[in-house]
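Work through these exercises with the sequence and the model side by side. Try each task before you read its solution.

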Amino acid sequence: MAGKFEIFEDKAGEFRFRLKAGNGEIILASEGYVQKASAENGIESVKTNAPNDDRYERKETKSGGYMFNLKASNGQVIGTSESYTSASARDNGIESVKRNAPDARVEDLT
(Lines give C-alpha, C1' and ligand atoms only; values in the text may rest on other atoms or scores of the structure.)
Protein backbone atom coordinates (compact mmCIF):
# COMPACT_ATOMS: atom_id res chain seq x y z
CA MET A 1 0.00 0.00 0.00
CA ALA A 2 1.29 3.45 -0.89
CA GLY A 3 1.82 6.28 1.55
CA LYS A 4 -0.66 9.09 2.05
CA PHE A 5 -0.89 12.58 3.46
CA GLU A 6 -3.68 13.40 5.90
CA ILE A 7 -4.85 16.97 6.49
CA PHE A 8 -6.59 17.47 9.83
CA GLU A 9 -7.60 20.18 12.28
CA ASP A 10 -5.97 20.04 15.70
CA LYS A 11 -7.52 20.93 19.07
CA ALA A 12 -6.32 24.53 18.73
CA GLY A 13 -8.19 24.90 15.43
CA GLU A 14 -5.02 24.86 13.30
CA PHE A 15 -4.57 22.76 10.18
CA ARG A 16 -1.79 20.19 10.09
CA PHE A 17 -0.69 17.38 7.83
CA ARG A 18 1.06 14.10 8.43
CA LEU A 19 2.63 11.67 6.02
CA LYS A 20 1.88 8.02 6.71
CA ALA A 21 3.77 5.09 5.24
CA GLY A 22 1.89 2.23 3.61
CA ASN A 23 1.78 0.42 6.97
CA GLY A 24 -0.03 3.39 8.57
CA GLU A 25 2.96 4.62 10.58
CA ILE A 26 3.38 8.41 10.75
CA ILE A 27 6.75 9.27 9.21
CA LEU A 28 6.52 13.07 8.97
CA ALA A 29 4.34 15.72 10.64
CA SER A 30 3.86 19.44 10.00
CA GLU A 31 3.55 22.51 12.14
CA GLY A 32 0.12 24.09 12.61
CA TYR A 33 -1.25 26.43 9.94
CA VAL A 34 -4.04 29.00 10.33
CA GLN A 35 -5.40 28.30 6.85
CA LYS A 36 -5.99 24.93 5.23
CA ALA A 37 -4.50 26.23 1.96
CA SER A 38 -1.19 26.75 3.77
CA ALA A 39 -1.18 23.11 4.89
CA GLU A 40 -1.94 22.06 1.30
CA ASN A 41 1.00 24.17 0.10
CA GLY A 42 3.15 22.46 2.74
CA ILE A 43 2.23 19.06 1.31
CA GLU A 44 3.26 20.19 -2.18
CA SER A 45 6.56 21.42 -0.75
CA VAL A 46 7.17 18.05 0.94
CA LYS A 47 6.45 16.24 -2.35
CA THR A 48 8.93 18.51 -4.15
CA ASN A 49 11.72 18.45 -1.55
CA ALA A 50 11.47 14.86 -0.24
CA PRO A 51 13.69 13.26 -2.93
CA ASN A 52 16.61 15.66 -2.20
CA ASP A 53 18.87 14.21 0.49
CA ASP A 54 20.44 17.60 1.25
CA ARG A 55 17.03 18.89 2.42
CA TYR A 56 17.14 16.61 5.49
CA GLU A 57 18.53 17.92 8.76
CA ARG A 58 19.63 14.94 10.84
CA LYS A 59 19.62 15.65 14.57
CA GLU A 60 20.07 14.09 17.98
CA THR A 61 17.51 14.88 20.67
CA LYS A 62 18.43 16.05 24.16
CA SER A 63 17.29 12.67 25.49
CA GLY A 64 19.71 10.78 23.24
CA GLY A 65 17.28 9.89 20.47
CA TYR A 66 17.49 10.71 16.78
CA MET A 67 15.15 12.68 14.54
CA PHE A 68 15.11 14.69 11.33
CA ASN A 69 13.56 17.78 9.79
CA LEU A 70 12.72 18.16 6.12
CA LYS A 71 13.48 21.68 4.94
CA ALA A 72 12.38 23.66 1.91
CA SER A 73 14.90 25.33 -0.38
CA ASN A 74 14.59 28.52 1.72
CA GLY A 75 15.65 26.61 4.85
CA GLN A 76 12.20 26.60 6.46
CA VAL A 77 11.21 23.36 8.21
CA ILE A 78 8.24 21.79 6.43
CA GLY A 79 8.07 18.51 8.32
CA THR A 80 9.47 16.82 11.42
CA SER A 81 9.93 13.14 12.21
CA GLU A 82 9.21 11.22 15.35
CA SER A 83 12.09 10.37 17.67
CA TYR A 84 14.03 7.20 16.82
CA THR A 85 16.22 5.05 19.07
CA SER A 86 19.13 4.85 16.62
CA ALA A 87 20.70 6.80 13.78
CA SER A 88 20.06 3.91 11.40
CA ALA A 89 16.34 3.87 12.29
CA ARG A 90 16.23 7.63 11.65
CA ASP A 91 17.94 7.15 8.30
CA ASN A 92 15.39 4.45 7.42
CA GLY A 93 12.67 7.00 8.24
CA ILE A 94 14.25 9.47 5.82
CA GLU A 95 14.34 6.82 3.09
CA SER A 96 10.67 6.09 3.77
CA VAL A 97 9.77 9.76 3.30
CA LYS A 98 11.78 9.84 0.06
CA ARG A 99 9.87 6.77 -1.21
CA ASN A 100 6.39 7.68 -0.03
CA ALA A 101 6.01 11.46 -0.30
CA PRO A 102 6.37 12.23 -4.04
CA ASP A 103 3.37 10.13 -5.15
CA ALA A 104 1.32 10.05 -1.95
CA ARG A 105 -2.36 10.81 -2.23
CA VAL A 106 -3.96 13.42 0.04
CA GLU A 107 -6.83 12.57 2.35
CA ASP A 108 -8.71 15.53 3.82
CA LEU A 109 -9.99 14.68 7.33
CA THR A 110 -11.36 18.15 8.10
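**Exercise 1. Which side chain makes a polar contact with the side chain of Asn69, and what surrounds Asn69?**

Step 1. Find the partner. The side chain of Asn69 makes a polar contact with that of Thr80, at 3.0 Å. A polar contact is a pair of N or O atoms within 3.5 Å; within protein, one must be able to donate a hydrogen and the other to accept it, and residues adjacent in sequence count only if both atoms are side-chain atoms.

Step 2. Know your source. This is a predicted model, where local features need pLDDT of at least 70 and side-chain atom pairs count only at pLDDT 80 or more, while totals for chains, interfaces and linings use all residues. Residues are numbered from 1 along each chain as its sequence is written, and side-chain values use heavy atoms, with hydrogens and water left out.

Step 3. Asn69 is found in strand 5. Helices (H or I, at least four residues) and strands (E, at least two) are DSSP runs, numbered from the N terminus.

Step 4. Judge its burial. Asn69 counts as buried because its relative accessibility is 7%. Buried means under 20% relative accessible area, exposed over 50%, partly exposed in between (1.4 Å probe, protein chains only).

Step 5. List the neighbours. Leaving out residues up to four places away in sequence, Asn69 touches Arg55, Tyr56, Glu57, Lys59, Val77, Gly79 and Thr80. Contact means heavy atoms within 4.5 Å.

**Exercise 2. What are the polar partners of the Lys4 side chain?**

Step 1. Locate Lys4. It is found in strand 1, residues 4-9.

Step 2. Lys4 counts as buried because its relative accessibility is 15%.

Step 3. Read the distances. The side chains of Lys4 and Glu6 are joined by a polar contact of 3.4 Å. Another polar contact, of 2.8 Å, joins the side chains of Lys4 and Glu107.

Step 4. Not counting residues up to four places away in sequence, Lys4 touches Arg18, Leu19, Lys20, Ala104, Arg105 and Glu107.

**Exercise 3. How many salt bridges does a search of the whole structure find, and which residues do they link?**

Step 1. Recall the idea. Side chains of opposite charge can pair when their charged atoms come close. A salt bridge is a side-chain nitrogen of Lys or Arg within 4 Å of a carboxyl oxygen of Asp or Glu.

Step 2. Take the total. The search finds 13 salt bridges.

Step 3. Start with Glu6. Glu6 forms a salt bridge with Arg18, with the closest N and O atoms 2.6 Å apart. This pair links distant parts of the chain: Glu6 is in strand 1 and Arg18 in strand 2, twelve residues apart.

Step 4. Find another partner. Glu6 also meets Lys20 in a salt bridge (3.4 Å, N to O). Glu6 lies in strand 1 and Lys20 in strand 2, so the pair ties together parts 14 residues apart in sequence.

Step 5. Turn to helix 2. There, Glu95 and Lys98 meet in a salt bridge (3.1 Å, N to O). About one helical turn separates them, because they are three residues apart in helix 2. Glu95 counts as partly exposed, at 36% relative accessibility, whereas Lys98 is buried, at 19%.

Step 6. Join the pieces. Salt bridges that share partners join Lys4, Glu6, Arg18, Lys20, Arg105 and Glu107 into one network.

**Exercise 4. How many aromatic pairs does a search of the whole structure find?**

Step 1. Set the rule. Rings of Phe, Tyr and Trp (its six-membered ring) pair if their centres lie within 6.5 Å; planes under 30 degrees apart count as stacked, over 60 as edge-to-face and the rest as tilted.

Step 2. Count. The search finds four aromatic pairs.

Step 3. Classify one. Phe5 and Phe17 form an edge-to-face pair, 6.0 Å centre to centre with 70° between the planes. Phe5 lies in strand 1 and Phe17 in strand 2, so the pair ties together parts twelve residues apart in sequence.

Step 4. Classify another. Phe68 and Tyr84 form a stacked pair: 6.4 Å centre to centre, 10° between the planes.

Step 5. Ring pairs link Phe5, Phe17 and Tyr33 into a cluster.
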